[in-house]
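Please look through the structure shown here with attention to its aromatic side chains. Where do they lie, and how are their rings arranged?

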Amino acid sequence: QWEYGRLNLHYAVVSKRKILQLVATGAVRDWDDPRLFTLTALRRRGFPPEAINNFCARVGVTVAQTTMEPHLLEACVRDVLNDTAPRAMAVLESLRVIITNFPAAKSLDIQVPNFPADETKGFHQVPFAPIVFIERTDFKEEPEPGFKRLAWGQPVGLRHTGYVIELQHVVKGPSGCVESLEVTCRRADAGEKPKAFIHWVSQPLMCEVRLYERLFQHKNPEDPTEVPGGFLSDLNLLVFNRTVTLKEDPGKV
């Protein structure tokens, strides 16, 4: 008979008895709730089996109780997806950008590599039109020191297009919120190289993105000194968020 210590994770519980309590109280939907760290939950969340195996191999087997950070597992997932998942540009909080001097009479077709680090794995086409959408956080009217994306007097490149945009006008709504930007563009090789290149979408499709937060608020929810009321009292109420996003084309996720 061989016995080994259990692999624990911060901000989570892995005890079957305690997971059963979470299911019974309705804190999670079932054993495959993506906020848990059961194998069925990780599968539903999209974690590839190779990543889980790599994580276990990296941690190793020991008779002592070990507790690991969840981001170590997520790093293993990124390593696998980096080589297996084709890239697609998406915008979660969109900001409309109008290119006033667009260089063509109609939209252009841009060749985008499926894997930016290995262009031998092929390309796909995305449209590039006078109206594009960028991430709202990629623009600031009054940037703090170190901000390298779009701002007054600070142009940025549009990834994969070969063009650089520069801010000309900010359009605001009645509430003072920025609704759109007017910019001009130039070839990236026709001037000084910008400090950053940002992703964008044009003529996008709508899709749903599910963003999961940690299930518990504290690092060690089972520790009575850290959570006196028990792990069931430490649930993060903002654990599930659905966001409508803009996606570049129907063939990529």
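The paragraphs below go from the surface of this predicted model to its aromatic ring pairs and then to the arginines over rings.

On the surface, Trp2, Tyr4, Val61 and Val63 form a nonpolar patch, and together these residues have about 580 Å² of accessible area. Tryptophan 2 belongs to the segment that comes before strand β1, which covers residues 7-9, and because its relative accessible area is 74%, above the 50% cut-off, tryptophan 2 counts as exposed.

Turning to the ring pairs, a search of the whole structure finds four of them. In one, the ring centres of phenylalanine 102 and phenylalanine 128 are 5.1 Å apart and the planes stand at 65°, so this pair is edge-to-face. The pair links distant parts of the chain, since phenylalanine 102 is in the loop between β4 (94-99) and β5 (108-113), whereas phenylalanine 128 is in strand β6 (residues 123-128), 26 residues apart. Both of these phenylalanines are buried, and for phenylalanine 128 the relative accessible area is 0%.

Phenylalanine 128 also pairs with tyrosine 163, with centres 6.0 Å apart and planes at 40°, so that this pair is described as tilted. Here too distant parts of the chain are linked, from strand β6 to strand β9 (residues 163-172), with the two residues 35 residues apart. Tyrosine 163 counts as buried because its relative accessibility is 11%, which is under 20%. Through ring pairs, Phe102, Phe128, Tyr163 and Trp200 are linked into a cluster.

Finally, arginine 187 lies over the face of tyrosine 163, at 4.7 Å from the ring centre, and arginine 214 lies over the face of tyrosine 11, at 3.9 Å from the ring centre.

Notes. Residues numbered from 1 in each chain as written. Predicted model: local features only at pLDDT ≥ 70, side-chain atom pairs only at ≥ 80, totals over all residues. Heavy atoms only, no water. Patch = residues over 30% accessible without salt bridge, like charges linked within 9 Å, V, L, I, M, F, W, Y side chains within 5 Å. Areas by Shrake-Rupley, 256 points an atom, 1.4 Å probe, with all protein chains shown as cover. Salt bridge = Lys/Arg side-chain N within 4 Å of Asp/Glu carboxyl O. Helix = DSSP H or I, 4+ residues; strand = E, 2+ residues; numbered from the N terminus. Buried < 20%, exposed > 50% of the residue type's maximum accessible area, 1.4 Å probe, protein only. Phe/Tyr/Trp six-rings, centres within 6.5 Å; stacked < 30°, edge-to-face > 60°. Lys NZ or Arg CZ within 6 Å of the ring centre and 35° of its normal.
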